[in-house]
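Me: I have a structure open and would like to go through it step by step. Can you help me read it?

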Amino acid sequence: MEAVHNSQAPHVSFRNVQKTYDGETLIVRDLNLDIRRGEFLTLLGPSGSGKTTCLMMLAGFETPTGGEIRLDGEVINRVPPYRRNIGMVFQNYALFPHMTVADNLRFPLRVRKLAANEVEARVKRALGMVQLEAFGNRYPQQLSGGQQQRIALARALVFDPQLVLMDEPLGALDKNLRERMQLEIKHIQQNLGITVVFVTHDQSEALTMSDRIAVFNHGVIQQIDAPEALYEYPTNSFVADFIGENNALDGTVVAVAGEECDVRLDCGTVLRARTGNVGAGGRARIAVRPERVQLAGEGEGANRLDATVRELIYLGDQIRLRVELAGKHEFTIKAPISQLDRSLRPGDAIRVGLDPAHTRALDVPAAH
Amino acid sequence: MSTAVDTSAAVPLPAEGDGTPLKKRLRRAERRRNLLFGALILPLALVVLVAFIWPIGSLLTIGVDNPEIHDNLPRTLAVLEDWNGSAPPDEAAFRALADELAAAKGSPAIAAIAKRLNRENAGYRSLVMKTARKLPLDAAVPAREALVAIDAQWGELATWQAIHRAGGALTPFYLLAAIDRAIDADGDIVAAPEDERIYVDVLLRTFWMSLIVTVCCLALGFPVAYLMASLSTRHSNMLMIFVLLPFWTSVLVRVAAWIVLLQNEGLVNRLLMWLGLTDSPLQLLFNRFGVYVAMVHILLPFMVLPLYSVMKGISPVYMRAALSLGCPPFRSFWKIYFPQTLPGIGAGGLLVFIMCMGYYITPALLGGPKEQMLSYFIAFYTNQTINWGMAAALSAVLLAATLLLYMVYARYLGPTRVKYMKAR
């Protein structure tokens, strides 16, 4: 890494960035985002949420309609993509089909007019990094999807960029390979100490790989946080629903006491929960993760609710219970096999507890 | 379940109930499928055979066919078979010739014989016709003396050598003539007389003009195809209609339109004069310029369409990838985009070039004598002089040149194409 950069200053910063294609709707509304040097940041969101547009603006393939993007402190809005020195891995790899694997890797080095022996040394090193030393003379089409993916990664890294962008690079791979590549990419990123901006719509991928995740919806960052914080402490209903599984119960906030508040559900039960983005008197949606729901006997003092078992689904390591609770038919509980009373049958009445520490009162999203 | 059996050893495949080995059954199953495939292409194969391969094949054989002497003077030739060729033959040959010429007298055969022998030596036509007029001979007089009395040339060795030479069932004469070669009296292949040497020049001209037209089509078609491939579907469809528009009118109409446009009093010349670019009308017709303009116009779609279909398949993400790797736009285009269009350039170029090679109507109507290509001479020999042998030989040369070109294309553009497209 180049030592001249102040490691405290953000590597990339978006300031009030806007983007519209048709002059009517903003794909990116008002983006403010600092990307730290050496971090693995994932832009996560449903399709059309603006995450890919952000990446393309950073790569230089799209120009912001407003605001500015800084790279190492310099405004790069008008710098063409080929002068940005940013590595990029594309969705379908974009390996040049008329060049061998080695020529694909040589390409960015020859463009930079490196000496021939330096080029060869780097190509060899890059192939070694992705464990495909023997494949230099193949054409991309002669490689499997996973191998092409690695070559695309090697090509994006071979010219030593400090920032690498990845646009859903694992989308075309099957599940097992995808999971292996997630760790592999993560390890390479950590070893090289580079900054990676990764776009995906797969939340488990984001949780696996990222130092921080920025959740996008409707062109706005909903929340940006470390994976654990994002999962455990979502700040709004969109994030709670988008990341992981979530149970939602609608009600009205009756009292706010510091970090906690009381919410009266529509069925009349009052629950205590952590206060999210709601105020006293407003509508609220209680969000609780299926694995945080306590079954009878544990967590005295927690919110207690009566429930009826509707369905039991055996998943090997755990059991999923679909229960009817507080007038809601779809309420899911996940419990380890060892903690579950195996005599439960559909129709049985049980009591469940919701720990206020893991129960959050969030906004009720407007219906779309 | 117990798995005591060692499964690692190769187990021979058990024969099924009827005891037929698996391989045989596979072959039988595939034979049925192959027969079906054969049946599917049979109608087309028959049409190609009857309407294409057979007529072309039989026409090409005319180029080496040599029936005149062989069919009309069989007895003479039989006698000459044992002849040593160093001195005029004996009486038997003279008698046979006299009888056969007498028999041919008054029929088209005598004209054919005369014409064919005349090609060996100018002057033999009148020799044959003159002799035929005085036939048949008196049976009492030796044929040799009688014939020599009619014309002294019958006593010369060269005359008999000519008959012998022209007597084969096949002749390389037309094919050699088509490449400006001839066989001299000694049977050696030599350059044709200077005033008959035109076909090599015509062939080179055909190649050269085809090359110019192909290059022009590429230069004009490539940007259009690129634009079409990068525009939205709606706009590219619109452009496509303009590209295909020429197909909706006949070639003849288009050529006539160019005559109207390019003639001395035509639109182009009047515009040039009105703009003050020239004082007197430029000669745009009946020269190379007019032929090039019209041929490029007619053949452009054949370049644009293959290029477009190839370019449509090149994802724009390759250019982005090249840019992201630090390559400036023009170089990215040249190094990444352009090489991927080579299959389209090859296919379009080959198509246009081969069509040019056989072009007839446009140069015939818009060109002067110096613009006529090989097919003009084929038409000339077919329609004007009824010299089918020459027409067939020139066709063979054209066909061979085209096939050669295709092989060069397959050799140099084919493999690179296959190399990286194989796995697609």
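Reply: Start with a term: the domain bounds used here come from an automatic or database domain assignment. Also keep in mind that this is a predicted model.

Me: OK. Which domains is chain A divided into?

Reply: Chain A has domain 1, covering 12–232, and domain 2, covering 245–362. The C-alpha centres of domain 1 of chain A and domain 2 of chain A are 39 Å apart.

Me: How many helices and strands are there in chain A?

Reply: Chain A contains eight helices and 20 strands.

Me: Which strands of chain A close into a barrel?

Reply: Five strands do, in the order β11-β12-β13-β20-β14 of chain A, and their pairing is mixed. From one strand to the next, the twist averages 55°.

Me: How do β13 and β20 run, parallel or antiparallel?

Reply: Strand β13 (residues 270–275) and strand β20 (residues 359–362) of chain A run parallel and are joined by two bridges. To find the pair on screen, look for A:Thr275, which stands opposite A:Ala361 in β20 of chain A.

Me: And what holds strands together in general?

Reply: Strands of a sheet pair through backbone hydrogen bonds, and the pairing is either parallel or antiparallel.

Me: Which strands of chain A form an open sheet?

Reply: Five strands, in the order β15-β19-β16-β17-β18 of chain A, form an open sheet with antiparallel pairing. At its edges stand β15 (293–295) and β18 (328–336) of chain A; each has a single partner strand, so one side of each has no neighbour in the sheet. Ignoring direction, neighbouring strands of this sheet are turned by 45° against each other on average.

Me: How many bridges join β17 to β18 there?

Reply: Seven bridges join strand β17 (residues 318–325) of chain A to β18 of chain A, and the two run antiparallel. In this pair, A:Ile319 stands opposite A:Ala335 in β18 of chain A.

Me: Switching to chain B. How many helices and strands does chain B have?

Reply: Chain B has 20 helices and two strands. Its radius of gyration is 33 Å, while the globule rule gives 22 Å for 424 residues; the value for chain B is well over that, so chain B is more spread out than a compact globule.

Me: What box do its C-alpha atoms fill?

Reply: Along the principal axes, the C-alpha atoms of chain B fill a box of roughly 105 × 95 × 35 Å. For chain A, the box is roughly 75 × 45 × 40 Å.

Me: What are the domains of chain B?

Reply: The assignment gives domain 1 (2–9 + 18–62), domain 2 (67–169) and domain 3 (199–422) of chain B. Between domain 2 of chain B and domain 3 of chain B, the C-alpha centres lie 53 Å apart.

Me: What share of the residues in chain B is buried?

Reply: Buried residues are 30% of the 424 residues in chain B. In chain A, buried residues are 41% of the 368 residues.

Me: Last topic. How many residues of chain A are in contact with chain B?

Reply: There are 21 residues of chain A in contact with 17 residues of chain B. On the side of chain A that touches chain B, the largest share, three residues, comes from helix α2 (residues 101–111) of chain A. The residues on that side of chain A divide into 15 nonpolar, five polar and one charged.

Methods
Residues are numbered from 1 along each chain as its sequence is written. Chains are lettered from A and ligands numbered from 1 in the order in which they are written. This is a predicted model: local features need pLDDT of at least 70, side-chain atom pairs count only at pLDDT 80 or more; totals for chains, interfaces and linings use all residues. Two residues are in contact if their C-beta atoms, placed from the backbone, lie within 7 Å. Helices (H or I, at least four residues) and strands (E, at least two) are DSSP runs, numbered from the N terminus. Ala, Val, Leu, Ile, Met, Phe, Trp, Tyr, Cys and Pro count as nonpolar, Asp, Glu, Lys and Arg as charged, and the others, Gly among them, as polar. Two strands pair if DSSP finds at least two bridges between them. Axes are lines fitted to C-alpha atoms, for helices over the stretch in contact, and angles run from 0 to 180 degrees between N-to-C directions. The radius of gyration is taken over C-alpha atoms; the globule rule is 2.2 Å times the number of residues to the power 0.38. A residue is buried if 20 or more other C-beta atoms lie within 10 Å of its own, exposed if 12 or fewer, and partly exposed in between; C-beta atoms are placed from the backbone.
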